[in-house]
Amino acid sequence: MTVLLLLMKISNLSQKQCEVYAKLSQTRGLSDELATVYDELAVVATSESYQKEKHRARKIEDYNWPDLFSESGAEQVKAEIERDLSEKFAEPLGASAVNLEKNNAQKKVAVEIIRQFDETFEEQAADHVMSPILESFSKVKVVHQVQVIEKNHAAKEVNRLIYLKDSKNNAFVLSEEKVVPGKG
């Protein structure tokens, strides 16, 4: 009887050992699969991060501005520049959109930067950030106007700044400033 109990116990332990090995094998398979997915995600994240940094580091004057007036692919170039500049200006300006308006006859581009925010507008801080941006746009021959539209939801107003390129020194100067209440 003791031998029979001992055989049953050994059989039971053997069965549990098989179950543990099966679960261990399954866990190793899941672990390998998880490692593969993690590696793939790391490659994608690194690639996306690299692309964002590459666009952020790209100078405004290095975009294909003349291609905006080409026979083919102009809309694709326009969309790419608008998307990249929106990403580039998102952090320093809080810009929500950048639009390009082309004048094909004169081969000129007007840039519109739209900002939306809730805090009170601080003109000095905006000037500090806008100066290097305007300086970069001044190096692009086809850009003749930069318009900044600031929608201040807290003050319920829209501030519109229009900068025009000075023909003498190619620098942008503030041409017009309008504050429109009630449309914030």
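# Burial, core and salt bridges: questions and answers

Of the chain's 184 residues, 28% count as buried. The model is predicted.

Visitor: What makes up the chain, and in which order do the elements run?
Guide: The chain has three helices and five strands. From the N terminus on, they run α-α-β-β-α-β-β-β.

Visitor: Which residues does Ile162 touch, not counting residues up to four places away in sequence?
Guide: Ile162 touches Gln145, Val146, Gln147, Val173, Leu174, Ser175 and Glu176. With Glu176 the C-alpha to C-alpha distance is 5.1 Å, at 14 residues apart in sequence.

Visitor: How do you know whether Ile133 is buried or exposed?
Guide: Its relative accessibility is 8%, and the limit for buried is under 20%, so Ile133 is buried. Ile133 belongs to helix α3. Beyond four places in sequence, its contacts are Ile60, Phe89 and Leu93.

Visitor: Which residues touch the most other members of the largest nonpolar core?
Guide: They are Trp65, Phe137, Val143 and Val146, in a core of 27 residues. At least two residues each come from α2 (74-93), β1 (95-103), β2 (108-117), α3 (123-138), β3 (143-152) and β4. Helix α2 gives the most, with five residues. In soluble globular proteins, nonpolar side chains tend to be buried together.

Visitor: Which residues does Trp65 touch, not counting residues up to four places away in sequence?
Guide: Trp65 touches Ile60, Ile81, Leu85, Leu100, Val109, Phe137, Val140, Val142 and Val143.

Visitor: What makes Ser86 count as buried or exposed?
Guide: Ser86 has a relative accessible area of 17%. Buried means under 20%, so Ser86 is buried. Ser86 lies in helix α2, and a polar atom of its side chain lies 3.0 Å from the backbone nitrogen of Val98.

Visitor: Why is the pair of Lys102 and Glu75 called a salt bridge?
Guide: The N to O distance between the side chains of Lys102 and Glu75 is 3.7 Å. The rule asks for a Lys or Arg side-chain nitrogen within 4 Å of a carboxyl oxygen of Asp or Glu, so the pair qualifies. Lys102 is in strand β1 and Glu75 in helix α2, 27 residues apart, and the pair links distant parts of the chain. By this rule the count comes to five salt bridges.

Visitor: How exposed are Lys102 and Glu75?
Guide: Lys102 has 26% relative accessibility and counts as partly exposed. Glu75 has 53%, and exposed means over 50%, so Glu75 counts as exposed.

Visitor: What are the classes of Arg83 and Asp84, which form a salt bridge?
Guide: Their closest N and O atoms are 3.7 Å apart. Arg83 is partly exposed at 45% relative accessible area, whereas Asp84 is buried at 1%.

Visitor: How do you know that Glu176 forms a salt bridge with Lys178?
Guide: The closest N and O atoms of Glu176 and Lys178 are 3.2 Å apart, and the limit is within 4 Å. Glu176 is partly exposed, with 31%, and Lys178 is partly exposed, with 42%.

Definitions and conventions:
Residues numbered from 1 in each chain as written. Predicted model: local features only at pLDDT ≥ 70, side-chain atom pairs only at ≥ 80, totals over all residues. Heavy atoms only, no water. Contact = heavy atoms within 4.5 Å. Core = buried A, V, L, I, M, F, W, Y, C linked by side-chain atoms within 4.5 Å. Buried < 20%, exposed > 50% of the residue type's maximum accessible area, 1.4 Å probe, protein only. Helix = DSSP H or I, 4+ residues; strand = E, 2+ residues; numbered from the N terminus. Polar contact = N/O pair within 3.5 Å; in protein donor to acceptor, adjacent residues only side chain to side chain.
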